[in-house]
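Me: Please show me the sequence and the structure, and then let us work through some questions about them.

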Amino acid sequence: MTITDFLKKLTLDRDYDGQIAHVEMVPAREARYGDLAEPVPRVLADALVQTGIEHLYSHQVDAIDAIRDGKNVVIVTGTASGKTLCYNIPVIERLMNDPSAKALYLFPTKALAQDQLKGLLRLSELDKRLAGLIRAGTYDGDTSRHTRRKLRDEGNVILSNPDMLHAGILPYHPKWNRFFKDLKYVVIDEVHSYRGIFGSNVSNVIRRLRRICAHYGSSPQFICSSATIANPGELAERMIGAPVVVIDNDGSPRGKKYFVLWNPPFLDMAKMERRSTNVEGHTLMAKLIADDFQTITFGRARVVAELVYRYTKDTLRRLRPEYAGKIKPYRGGYLAGERREIERQLFSGELMGVASTNALELGIDVGSLDATVIIGFPGTIASTWQQAGRAGRGSDDSVVFLVAYNDPIDQYLMRHGDYFFRQSPENAVIDPENKYILSKHLRSAAFELPLVDGDEKLFGEMMEPIANILEDLGELNKIDGHSYWATTEMPSRQVSLRTISDNTYTILDAGKENAVIGVVDSISAPELVYPEAIYLHEGETYFVRELDLEQKVAYVEKREVDYYTQPVLESSIRIGEAKKEKDWNGNRIVFGAATVTWVTAAFKKIKFYQLDSLGWCNLDLPPQHLETGALWFTPQEDIMDEVRKAGKNPVEGLVGIRNLAISVLPLFSMCDRRDIGGIVDSSNTGLPTMFIYDRYEGGLGFAERGYYMIDELLRGCRELVDECSCEDGCPSCVGLPVLRPAIHQDPDTEGAWPIPDKESARLLLAGILDPGLIDR
């Protein structure tokens, strides 16, 4: 059956009720090949032929030639376009010519490193001359002490992640002196995933790496690969602190891709409720698999992946019983061995489908898939295309279904079918010279080697004033122009590169002698394994008997129930000491300390396949707190009254400005939109007040930057509103509120905030920026 046959079959199905809102056909593309300036060595060429590769795509040729010429590169091509060969071929060539050479591969996840190691070893095993040449292995938190020592002393291709480089390699660089002395290449895979706070931290780790390499007399080339984003060259250059050549002439073939916007039908005459998105998504997945289309389905939360898996398995028992055992769920929280086995089964074709979170969005090789079902807009254009790209490898046709939730953003996309396809992927933003982030890494750098004149070429002009502050604090000692670390502590241990907690809870099956069945980070545990919750694991239902907060253990037991549970979260913000305050155009602007608090206050039971609540239960769990910095802004009452006189709701306008500010502030503070949050609240000041805060313990200066640039910030908001062509508001202007995501909630059961009224925001901005001149 062809894709077009399948789509036609859907429209003739008795369950079809006009769900197809839009179909976009992305045309096929022929392969474009090229010739290297110098051919690949015969032994390597023979190995490539054995894998089915006789010619190189044009982007592979350009990348390899640029790398051979000594240039840093960033390769920006589609999913399954052969980016890995762009760096594996030059690395292997270098090892053949210089057996002492070394390469370091960095991946954002351990799973990716394991996957790439398998690919590298498969290539080397095709010829005994290559097998003896490549001594590769993963070096991460799962690596045994014996293997670590062997890799450090004998390995020539180390596959790791930035976290391990930061805390487990650079601080111990004397033990790695031979490796760093001969380091020729550093590969940074999936560089688009290094954005915001995480990317800014990783960029400083790379600068520390370059400094240590220089200490041992080496200057490695950097090879980056990226999914399609708006600014890959800019991101890569800021990441490594050096110029790069962008390779983006994708020569890989591509079959036709049919992109279907699928909107669940209304259930009531009032057109308020729609059929469950999870049910619609699983039905599509089951029908695709039943017609022999290998399918991956993405959900926005772990519970969605588990529900879709459970529902699809039940449906396949009726449609194609032999396929019911050939699907799996995939998400974070599974044990590493379980995830590796699912990856292997999917790659080998043993599985017909997988229901996943975005854990499979990155480039783990899962073989050739025919279809992608995306349940709910992932939040960014780039992520949507990345997930869509998991289907349609080679020149085969593929299909993608984006299944909408009944929330304002998803429904906007359904009503405006061409909006999504006109949008460019987002920019990825980092700021390695952020003074808060840089100060943490200067501590680590000083521990590794004394800071000296010339290091500012790597760390920027803020290095010297920050180093002076660290000296005043007694953390550095300056002797003969060299700044030495002055304490016995290892500073890298105090710095997490990611905002998520490193602490984890273990999930034990009390019915099987407390066997470990999963893990969850400490921030998420109260939202996932609270007492009496139903924990879904491989589609099975487990009742949470106890959550031990001290031992960080959740005890569960398997129970057959016909419902699942969802946490009910409460959040608030409380202002602390005002550090800076000013009157601006008659409005009160403050920057100060703030505490953002959230707690799982209750949970509700949801019957499988339905959206109706079976009841609520209160919980008594301790709240979690984020002590951070915030900007708060209270418009004067006269302006709010003028908006009311115009027949509009000024508080709704303030919510729209909050959403705009979260989109605009990253342009001034060099952060990612995910690094900041916002709330509109009256309880702190007695008046409607907009709060913008840093999503990082202690703050990183993003909101503070907004305080100093409040005029530019709000004028940027007005410009964004004025230039948007929509009438009432859309995701490109006042829509898409970025609140703290409840990452373990099922969006199917939760209402989303409506898109605020555009005119209310425009009138309020006019009154704030030009008092007394509201344009009616």
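**Cysteines and a mixed sheet**

This is a predicted model, in which local features need pLDDT of at least 70, side-chain atom pairs count only at pLDDT 80 or more, and totals for chains, interfaces and linings use all residues. Residues are numbered from 1 along each chain as its sequence is written, and side-chain values use heavy atoms, with hydrogens and water left out.

Me: How many disulfides does the structure hold?
Reply: A disulfide is counted when a pair of cysteine sulfur atoms lies within 2.5 Å. The sulfur of C726 is too far for a bond because the closest cysteine sulfur, in C724, is 3.6 Å away, and for C86 the closest one, in C224, is 12 Å away. The number of disulfides is zero.

Me: Is C86 buried or exposed?
Reply: Buried means under 20% relative accessible area, exposed over 50% and partly exposed in between, with a 1.4 Å probe and protein chains only. The relative accessible area of C86 is 0%, so this cysteine is buried.

Me: In which order do the seven strands of the open sheet lie?
Reply: Strands are DSSP runs of E with at least two residues, numbered from the N terminus, and two of them pair if DSSP finds at least two bridges between them. The edges, which pair on one side only, are strand 1 (20-26) and strand 13 (327-330). With mixed pairing, the order is 1-11-16-15-12-14-13.

Me: Which residue in strand 16 is the bridge partner of A371?
Reply: Strand 15 (residues 371-375) runs parallel to strand 16 (residues 398-403), and five bridges join them. The partner of A371 in strand 16 is V399.

Notes: Helix = DSSP H or I, 4+ residues; strand = E, 2+ residues; numbered from the N terminus.
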